[in-house]
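Here's a quick briefing to read with the model open beside you.

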Amino acid sequence: MSVTRRHFLGTTAAALAGPALTPGPVMAAPWFRRASVAKFAAVGSANGIRGVERAVTLMTQGTDTLDAAVEGVKIQELDPTDESVGYGGLPNEEGVVQLDASCVHGPTRRAGAVAALEGIKTPSEVARLVLKYTDHILLVGEGAKRFALSYGFKEEDLLTPSSREKWLRWRANRGKSDSWMDVPDGAPVGIRSTGTINLNAINDKGEISSVTTTAGLAWKIPGRAGDSPIVGAGQYTDNDIGAAGSTGLGELNIMVCGAFLTVEFMRQGKSPTDACLATLRRVVAMCPDSKRDAQGRPPQLTFYALNKRGEFGAASMFPATYAVCDEQGPRVLDAATIYARQ
């Protein structure tokens with residue numbers, strides 16, 4: 001039924017006049033459909049396929065977007081078989097696992113982060129506590145650990161037998177002239193990998209949050225922090241526009257403030273995928289020569305993004321996949337790429 005403004009106002013005035021008017025047929029009040037601002041969606045790195053599903057499930061039950069995102073990445077942080085984050089993450093060159101994480105809660109415009117955190121399995125939770133209960137954003141090292149312990153976290157050994165074995169093999173093969181015995185040729189030796197999980201989430205009210213957590217670069221110099229604990233690099237949210245985050249070599253991302261830049265490209269009207277591609281092109285331009293391969297290409301880096309409408313996308317320097325969950329359920333999709341092959 002179509003109801004004009006004049007008809008609506010006239011009907012309202014008649015109702016207020018009451019018995020002074022001649023009795024007539026009663027007209028029901030007009031009904032207007034209130035559409036949702038957005039749709040439930042979560043997007044992030046492919047290793048977070050269980051996480052994006054968990055985040056969307058929680059949001060549909062009324063959980064806040066940041067709490068849902070943290071619960072999503074905690075699946076990987078607590079999984080000892082995932083060597084990219086949390087418990088079982090590959091250690092620094094001294095065999096110590098140092099974890100980084102950051103988060104932004106779009107509705108309140110607040111952020112929290114920790115870097116070089118030792119002995120705590122879930123740095124994403126500690127970053128959220130920094131956001132909620134302090135007027136700081138970033139806590140590091142021993143101070144971050146003391147902060148976590150003050151909230152009841154238990155200090156634990158984060159090395160698993162598998163991650164310890166890979167570190168020992170890496171240490172044994174650093175050089176022929178050191179004091180360590182080389183592992184025989186043909187014996188498996190862990191590669192120097194990077195590992196991170198980024199997750200960005202939006203609910204049907206258009207409330208957005210983001211979180212990134214990592215064990216960082218394997219065998220890194222103690223104290224090294226990549227992009228993951230850097231708000232605006234490893235992840236970023238502007239509740240009016242969208243959210244973005246990344247995985248890959250963090251130093252390249254820090255130099256372009258990649259998550260912030262991706263959100264700014266969406267502010268200019270680019271789709272999430274096109275915004276991620278534009279940021280990667282900036283990385284290509286800013287990459288130092290020492291980081292480029294024989295063909296002049298930077299190392300692997302991937303960006304993930306979603307906008308205020310719940311639209312999502314991802315782009316990678318080289319072919320990669322990413323995880324998403326919305327009303328169609330969780331799935332892994334191919335990211336757009338700068339280079340066709342590595």
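What follows covers the overall chain, a helix pair, some salt bridges and a surface patch.

Keep in mind that this is a predicted model. The chain runs to 342 residues, and buried ones make up 50% of them. Its secondary structure comes to nine helices and 13 strands.

**The chain as a whole**

- Take the contacts with a separation of 6 or more: 62% of them come from residues 24 or more positions apart.
- If you're counting charged pairs, the structure holds 19 salt bridges.

**Helices α3 and α4**

- Two packed helices are described by the angle between their axes and the distance between the axes.
- Here, helix α3 covers residues 65-77 and helix α4 covers residues 123-133; their axes come within 8 Å and cross at roughly 155°.
- An angle over 145 degrees counts as roughly antiparallel, so α3 is roughly antiparallel to α4.
- On the α3 side, the residues meeting α4 are L66, D67, V70, E71, V73, K74 and E77.
- Their partners in α4 are P123, S124, E125, R128 and L131.
- There's a charged side to this pair too: a network of salt bridges links D67, E71, K74, E125 and R128.

**Salt bridges inside a helix**

- Side chains of opposite charge can pair when their charged atoms come close.
- E71 and K74 do this through their side chains, with 3.2 Å from N to O.
- These two sit three residues apart in helix α3, so about one helical turn separates them.
- E71 is partly exposed at 26% relative accessible area, while K74 counts as buried at 13%.
- In helix α5 (residues 141-150), E142 and K145 are also three residues apart, which again puts about one helical turn between them.
- The side chains of E142 and K145 form a salt bridge at 3.8 Å, N to O.
- Buried or partly exposed: which applies to E142, and which to K145? E142 counts as partly exposed, with 45% relative accessibility, and K145 counts as buried, with 10%.

**A salt bridge between separate parts**

- E251 and R224 bring their side chains together in a salt bridge of 2.8 Å, N to O.
- Because E251 lies in helix α7 (residues 250-254) and R224 in the loop between β6 and β7, the pair ties together parts that are 27 residues apart in sequence.
- On accessibility, E251 is partly exposed at 28%, whereas R224 is buried at 15%.

**A nonpolar patch on the surface**

- Which residues form the nonpolar patch on the surface? They are I137, L138, V140, I230, V231 and I254, and together they have about 420 Å² of accessible area.
- One of them, V231, lies in the loop between β6 (208-214) and β7 (235-238).
- V231 is partly exposed, and its relative accessible area is 30%.
- R224, the salt-bridge partner of E251, is in the loop between β6 and β7 as well.

Terms used:
Residues numbered from 1 in each chain as written. Predicted model: local features only at pLDDT ≥ 70, side-chain atom pairs only at ≥ 80, totals over all residues. Heavy atoms only, no water. Patch = residues over 30% accessible without salt bridge, like charges linked within 9 Å, V, L, I, M, F, W, Y side chains within 5 Å. Areas by Shrake-Rupley, 256 points an atom, 1.4 Å probe, with all protein chains shown as cover. Salt bridge = Lys/Arg side-chain N within 4 Å of Asp/Glu carboxyl O. Helix = DSSP H or I, 4+ residues; strand = E, 2+ residues; numbered from the N terminus. Buried < 20%, exposed > 50% of the residue type's maximum accessible area, 1.4 Å probe, protein only. Axes fitted to C-alpha atoms, helices over the stretch in contact; angles between N-to-C directions. Parallel < 35°, antiparallel > 145°, perpendicular 65-115°, else oblique. Contact = heavy atoms within 4.5 Å.
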